[in-house]
Amino acid sequence: MRRAPVLDSIAQGLLELQKISPTQWLLRTLGAVMTVLALVLIVGITALFSHFGIVLLTLTVALGILLQVRRPDSDLGLLAPAAIVIALLAAGESSMLQAAGVGLLLMLAHSAFALAATIPVHGQFDSGAWRLAAAGLLPVLVLSAVAGVLVVALSTVQLGAWMMVIGVLAAIGLFVAVLPGQG
Amino acid sequence: MTSSTPQLSELRTRPTAALVRAAVIGGGALALALLLGRPEIILAGLPMLIWALVALARRLQRGEERTVVDPTQRVNRRSIEEGGTAAITVRTSPGTLTAATLPMPRAADVAPRHGSLAGDGEVRLRVTAHRWGRIRVGPMHVLVADALGAYRAQRTLPRAEVQVVPASTVLDAPVEVPTPIGVSGVHLSRRRGDGTALSEVRAFRPGDRLHRINWRVTSRTGELHTNATFTEQDTDVLIVTDTIADVAPAPWVEADAPTSLDMTVRATSAIARHYLTAGDRVSVFDIGHLIGAVPPGSGPRQLRVLTAALSRAGRDDGAFRAPRRLRTVRPGTLTVVCTPLLSKDTITQIGVLVSHGADVIVVDTLPPSIGDVSVLRGTPMRVDGQVSDRFWPEAWAMRRLLRGRTVRELREAGVPVTTWEGPSSLAPVLLSLATARSAPRMRRS
């Protein structure tokens with residue numbers, strides 16, 4: 001007799017899943033898969049649970065993905081990409097291609113979650129919305145590729161220590177410019 | 001018919017959590033790369049930073065940092081038939097991701113299934129009504145965002161109303177009425193006069209029309225004979241609707257089974273359409289307060305007035321009001337009372353109508369599943385997996401038995417009672433009434 005409420009709640013949960021629209025399934029799954037792929041690109045698929053640090057990282061990313069899949073509009077969506085960037089830093093020397101791949105995957109995951117946050121869980125995108133989203137993403141991809149090539153090209157240039165100060169100040173300025181204000 | 005919402009207050013977009021995320025990850029990666037001298041870290045954050053920069057540039061370019069186009073709502077049809085569809089369009093401006101979400105209206109379906117759709121500057125949702133009456137659609141929640149989902153604004157648009165006209169059933173019944181009381185029309189009366197139906201061939205009398213002379217009989221008999229005809233008249237049809245209570249069908253029948261009010265309104269609509277098409281004057285008197293009275297009228301305009309009155313009726317008002325009473329009726333008026341025969345006031349009203357000389361027909365609109373004894377097994381009934389301790393099915397069975405007595409008494413008083421089972425319900429009753437009226441009667445001396 002005690003099992004009935006538990007079964008009822010499970011059944012209710014499964015019924016709730018039916019309300020999730022195909023658009024949301026697609027966007028949220030895409031976001032989660034891209035984030036996992038970014039992590040795999042850094043640590044490798046076989047090393048996800050190899051030692052304590054990586055287990056902690058995997059669990060953090062998994063938690064971040066879970067939170068974001070549940071609520072794509074949450075500020076906690078920072079958790080997974082931040083953990084992955086930190087993991088890339090901690091991984092020591094990594095190739096440009098690997099970092100670029102991680103960046104691209106993180107951006108795709110981020111875009112998917114950003115779009116998922118614009119509609120309710122049962123909401124759908126019509127063809128016009130998909131076209132608009134694709135048209136919005138296209139310049140991001142093109143500019144990312146151009147900027148990536150520039151970064152690779154400039155990475156070989158040896159700059160003086162004073163350039164570091166200007167660079168950091170420029171990064172902070174850019175960060176402040178982009179950081180959302182109140183409209 | 002269309003409508004649009006008035007311009008509301010200024011709509012401004014706000015940054016989303018996604019923009020914060022992109023700025024923090026992109027900017028953070030750039031700062032860390034510069035501080036630690038690790039250029040490859042820039043590449044990890046660069047796409048997200050560019051995503052944020054593109055969103056910002058796009059916003060500045062479109063001038064959306066001040067205000068965005070306010071969404072407007074437009075309903076393509078204010079009045080639809082049962083089963084019909086009305087489209088609700090929400091417009092902002094092209095290049096804006098516009099997501100509209102509707103709460104599910106009662107007795108209607110929304111397409112897409114759960115009533116939420118996003119599009120490029122325009123979204124069209126469809127509402128398909130299953131039941132007559134006034135349905136309120138909304139309030140609609142509209143979210144306006146840029147193409148990337150970096151900035152957004154929200155607005156709740158006011159509710160729109162759609163009137164649902166009862167389905168236009170064509171009654172499968174003769175147009176004969178027992179007592180035509182009008183001047184000219186299609187019903188054959190028992191009075192002789194100008195018409196087309198032959199009554200008799202009789203000797204010519206002064207005043208008879210020459211073109212009616214029957215030459216064949218005249219030549220055979222050698223005396224002038226003429227064709228006498230019955231006059232054709234229209235009549236007054238009064239439809240009395242009992243909207244005092246709405247009795248839902250039993251819970252074990254299908255979900256879209258009609259309630260007593262559905263049956264009453266559909267019967268009213270079908271009967272009115274039938275007689276208006278035949279050229280009669282039709283009026284509606286509502287004993288309850290849902291539809292209101294519709295004064296007598298004829299022709300297509302009256303049909304529009306009547307269907308509009310029926311479609312305006314709302315179901316949400318649960319307030320009890322004293323039933324209305326019809327004081328007088330012209331003798332010979334064909335009166336069709338659509339009622340579930342549960343209210344004492346309605347039964348009294350039928351008696352009053354009969355005493356005034358109206359030809360009364362009662363259309364029984366109690367759902368057949370209510371009080372159905374065939375489902376009773378002598379044990380408590382299980383409905384939706386639960387056993388109710390209130391014995392509703394048994395109580396309704398007893399109520400239907402009591403009601404059976406009323407039906408019997410009405411029949412004994414010469415009032416035919418017929419159950420509403422769709423378009424063919426009235427045919428036998430109307431035929432028998434017409435036959436009874438035209439039958440030879442014993443002369444009273």
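In which sense do strand 16 and strand 19 of chain B pair, and over how many bridges? I looked it up: strand 16 (residues 236-241) and strand 19 of chain B pair in the parallel sense over 5 bridges. Two strands count as paired if DSSP finds at least two bridges between them. Helices (H or I, at least four residues) and strands (E, at least two) are DSSP runs, numbered from the N terminus.

A note on the basis. This is a predicted model, where local features need pLDDT of at least 70, side-chain atom pairs count only at pLDDT 80 or more, and totals for chains, interfaces and linings use all residues. Residues are numbered from 1 along each chain as its sequence is written, and chains are lettered from A and ligands numbered from 1 in the order in which they are written.

Next I checked the other pairing. Strand 19 also pairs with strand 20 (residues 359-364) of chain B, in the parallel sense over 6 bridges. I then picked B:Leu334 in strand 19. B:Val237 stands opposite B:Leu334, and in strand 20 of chain B its bridge partner is B:Asp359. From strand 19 the chain crosses through helix 6 (residues 344-355) of chain B to strand 20, and this β-α-β crossover is right-handed (with the strands pointing away from the viewer, the path from the first strand over the helix to the second runs clockwise).

Is strand 19 of chain B buried or exposed? I found 6 of the 6 residues (334-339) buried, so strand 19 is largely enclosed by the rest of the structure. Buried means that 20 or more other C-beta atoms, placed from the backbone, lie within 10 Å of a residue's own. B:Leu334, B:Val336 and B:Cys338 point one way, B:Thr335, B:Val337 and B:Thr339 the other.

Technical notes: Buried ≥ 20, exposed ≤ 12 C-beta atoms within 10 Å, placed from the backbone.
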